[in-house]
Amino acid sequence: TSEVNEDNEDHYAIMPPLEQFMEIPSMDRRELFFRDIERGDIVIGRISSIREFGFFMVLICLGSGIMRDISHLEITALCPLRDVPSHSNHGDPLSYYQTGDIIRAGIKDIDRYHEKLAVSLYSSSLPPHLSGIKLGVISSEELPLYYRRSVELNSNSLESYENIMESSLGFVNPGVVEFLLGKLGIDESNPPSLMRGLQSKNFSEDDFASALRKKQSASWALKCVKIGVDYFKVGRHVDAMNEYNKALEIDKQNVEALVARGALYATKGSLNKAIEDFELALENCPTHRNARKYLCQTLVERGGQLEEEEKFLNAESYYKKALALDETFKDAEDALQKLHKYM
């Protein structure tokens, strides 16, 4: 925001309005101006014509409230004769003024629908905290610093926001943080935010970035798993594997992706890889039914392969591991009994 008498760039970096660095249509800027302008705000403009009932001025900037880039919007305000103070040397109050004079005035009336403004040169048109501001004719040196910076920017449009800010004397002021905290009424001992929701002490654990990112990654990974399952159902195993791998790149511990990929490995005969995926899935989620079920089935199947290779002790360990996971798993129990008879 802009405040008259606060043009001391030693305190903090005073910048041109942000919209000067953005491609915002004039219509939108005009709409925002009439949405935000309020009675008592200070405006500055040049007298464009003088009539018997007052004078018109074209606004070039704001002297209080929200900073806006309005110099090219051709916004006109009327200062009625009754709101022009008389000067002792001039019988007609308007005779004191000339076309082209720079005027500082207070907003008195606003017609937002028809986009019409009426201003006053009496301090009574201003709120108490601005009532000491001089209204009437001002010199170009009295224009707000942010506006003078915006004029400089217009003459050198290649300057970036960062360059202008970093070249400002106030930007390197060692006390700039303390000054702005005081200006905004923020206590340094509390979280530096005026918004309750942005004060860290009010955040729950689930609201921190790491927890949100984990939840978001799990959601994205699950979408890939669902696509992979659809591919698997129609026999497109390569595409399914790509989706499962993509899911695990997003979320390395995604249980559904591990179980789905393990099932695909088992279907393709890569039993050791399938067992690794099922074990990791069960480690991440010990209550996952399919992970436990598929792991038991794959252990028994792998044990059968080892039997065929006459690696009976290794086969026995696989059957026992399956029974340790599920003591009611009949396939593992039967295979183990059969092996013991053979041994």
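I began with the surface of this predicted model, where Leu-169, Phe-171 and Val-172 make a nonpolar patch of about 280 Å²; patches consist of residues with over 30% relative accessible area and no salt bridge, like charges being joined within 9 Å and nonpolar side chains (Val, Leu, Ile, Met, Phe, Trp, Tyr) within 5 Å, and areas come from the Shrake-Rupley method with a 1.4 Å probe, only the protein chains shown counting as cover for residues.

I noted that local features need pLDDT of at least 70 and side-chain atom pairs count only at pLDDT 80 or more, while totals for chains, interfaces and linings use all residues. Residues are numbered from 1 along each chain as its sequence is written, and side-chain values use heavy atoms, with hydrogens and water left out.

I placed Val-172 in the loop between α3 (161–167) and α4 (176–184), helices being DSSP runs of H or I with at least four residues, numbered from the N terminus. Val-172 is exposed at 54% relative accessible area (buried is under 20%, exposed over 50%, partly exposed in between).

I then looked up salt bridges (a side-chain nitrogen of Lys or Arg within 4 Å of a carboxyl oxygen of Asp or Glu), and the count is 15.

I found Asp-277 bridged to Arg-261, with the closest N and O atoms 2.8 Å apart; Asp-277 lies in helix α8 and Arg-261 in helix α7, so the pair ties together parts 16 residues apart in sequence. Asp-277 is buried at 5%, and Arg-261 also counts as buried at 17%.

Key:
Helices (H or I, at least four residues) and strands (E, at least two) are DSSP runs, numbered from the N terminus. Buried means under 20% relative accessible area, exposed over 50%, partly exposed in between (1.4 Å probe, protein chains only).
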